[in-house]
Amino acid sequence: MRDLALALVIAFFVLWSLRAPWIGILLWVVVSILNPHTYSFILNSMPVAATVAIATMIGTVISSDRKAFPLATPTLLLLVLMLWFSLTLTMAMDYENSLEQWIKVMKIDLMLLFTLALLHQRKHIIGLVWALVISIGFYSVKGGIFTLSTGGSFLVWGPRGTYIEGNNELALAVIITIPLAQYLRSLASKPWQKHLILLCMLLSAVAALGSHSRGALLALVAMAAVLWLRSRNKLMSGFGIVLISAIALGFMPAEWMDRMRTIGEYREDGSAMGRINAWWMTWNLAKDHFFGGGFEIYNPGNFALYAPVPSDIHVAHSIYFQMIGEHGFMGFALYLAFWFFTYRSAGRLWQRAKLLPETRWLSDLGAMCQVSIVGFAVGGAFLSLAYFDLPYNLMVLVVLGNRWIDEQAWRKDPALAAEAASNPSSATPASAATRAAPPARNFQPGRPLGS
């Protein structure tokens with residue numbers, strides 16, 4: 001019965017995607033991150049993700065509801081990264097296994113490109129945020145309840161066969177989505193909605209702690225600091241962060257505390273030293289190979305040549321050293337540039353969206369995307385998640401938000417017009433809808449937006 005119900009729901013949205021391809025994009029996000037089909041014995045063995053992607057592409061061809069591809073700096077860097085990955089593939093040490101991973105990465109990036117072209121309305125942007133939060137929230141809320149019910153004595157794991165299967169990887173995904181949930185909370189109009197989202201956020205934070213991930217703890221601390229800096233009432237925000245942290249840590253068992261203390265004693269921790277050994281291997285390999293070693297380099301041969309301890313074989317366990325080893329220092333530089341300009345674009349969205357009543361709903365999105373990027377930058381330093389699609393969707397949200405302002409899209413949005421008519425106090429005496437978007441630099445297809 002569950003299999004039939006799930007199949008009917010997915011089939012319904014797949015058919016809807018043919019008519020409205022933006023629905024297919026949201027369905028793709030849910031299928032690729034939440035992986036609901038893995039809960040079905042029948043669907044688990046079927047190409048559900050491929051079916052969704054094909055339906056979305058067909059819908060894109062037959063529908064006129066799309067925009068020109070936004071040539072912002074982050075999107076151009078994404079295209080350059082895709083080209084660089086393709087070039088390093090040709091130089092890969094293990095071409096066959098690298099080709100398999102390259103295909104997987106290109107599928108993710110291709111759908112990101114479709115997302116950038118198909119989502120352009122306010123409901124599309126907010127819908128994408130909801131899709132991301134729900135996809136990870138399913139596991140984080142469940143994991144938070146599990147952690148509280150077991151006293152934090154057991155690890156919280158993610159769905160099998162995915163990027164977030166491991167406890168550390170799931171914890172980082174949860175951390176990235178907590179600020180996005182706060183953004184949705186800021187949009188909620190009813191108190192019970194705000195309280196419900198806040199409860200889910202608290203359970204998500206507990207789930208991240210329940211993963212027993214030291215990287216997740218560092219990411220939470222860094223993210224909380226940026227969240228405090230972005231808050232309007234720093235005194236109350238600081239008090240709330242300290243209070244919530246104290247309550248959450250109070251639920252964690254002694255073994256969790258003991259594990260967190262090892263952060264400062266990494267030389268005595270075999271796991272930490274294994275990661276450092278892998279980092280040295282990727283660094284030394286990149287010094288010998290300008291294009292890196294390709295997507296698959298973690299084998300006894302490479303560790304024998306480049307690692308200080310040849311027998312201690314691990315994956316990179318760092319998005320930064322993963323890029324260095326697999327795509328060389330040039331690939332690493334492109335990757336850093338991509339995230340630097342994405343963070344900068346998020347800050348630009350945060351600042352410029354404050355200036356008009358019609359665009360203020362995007363201001364908090366820019367700020368929360370910055371918080372999420374900081375969490376990914378810190379937590380990702382200890383995990384091999386350089387190609388995970390969830391963080392790349394932060395770039396999508398930022399670029400779409402800036403384009404929405406550049407095109408003055410509120411003039412064409414019936415919902416915003418109705419909202420302004422029903423709430424005259426939100427409008428300015430000069431009628432903000434008739435003023436130019438700040439700053440005075442309108443979007444033009446084929447012209448970069450700068451950052």
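**A loop residue and its surroundings**

Guide: Leaving aside residues up to four places away in sequence, T359 touches R352, A353, W404, I405 and W410; a contact here means heavy atoms within 4.5 Å. This is a predicted model, in which local features need pLDDT of at least 70 and side-chain atom pairs count only at pLDDT 80 or more, while totals for chains, interfaces and linings use all residues. Residues are numbered from 1 along each chain as its sequence is written, and side-chain values use heavy atoms, with hydrogens and water left out.

T359 is found in the loop that runs between helices α14 and α15; helices are DSSP runs of H or I with at least four residues, strands are runs of E with at least two, and both are numbered from the N terminus. With a relative accessible area of 0%, T359 is buried (buried is under 20%, exposed over 50% and partly exposed in between, for a 1.4 Å probe and protein chains only).

One of the residues that T359 touches, R352, takes part in a salt bridge with D406, in which the closest N and O atoms are 2.9 Å apart. A salt bridge is a side-chain nitrogen of Lys or Arg within 4 Å of a carboxyl oxygen of Asp or Glu, and the count under this rule is one. R352 belongs to helix α14 (residues 319-352) and D406 to helix α16, so the pair ties together parts that are 54 residues apart in sequence. R352 counts as buried at 4% relative accessibility, and D406 is likewise buried, at 3%.

P310 is partly exposed, with a relative accessible area of 38%. Not counting residues up to four places away in sequence, P310 touches F303 and A304. The C-alpha atoms of P310 and P300 are separated by 7.1 Å, although these residues are 10 apart along the chain.

Helix α16, which holds D406, spans residues 389-406 and is one of the elements giving two or more residues to the lining of the largest cavity, together with α2 (21-34) and α5 (95-118). That lining consists of W28, V29, S32, I33, I108, M111, L112, T115, D389 and N393. On a 1 Å grid over the protein atoms alone, a cavity is a set of points where a 1.4 Å probe fits but cannot get out; a pocket is an open set with protein on both sides within 12 Å along at least five of seven lines; lining residues have an atom within 4 Å of a point.

The greatest contribution is that of α9, with nine residues. In total 35 residues line this pocket, and Q182, M201, L227, S237 and I241 lie nearest its centre.

The whole protein has 17 helices and zero strands. Of its 451 residues, 53% are buried. Among contacts with a separation of 6 or more, 78% join residues 24 or more positions apart.
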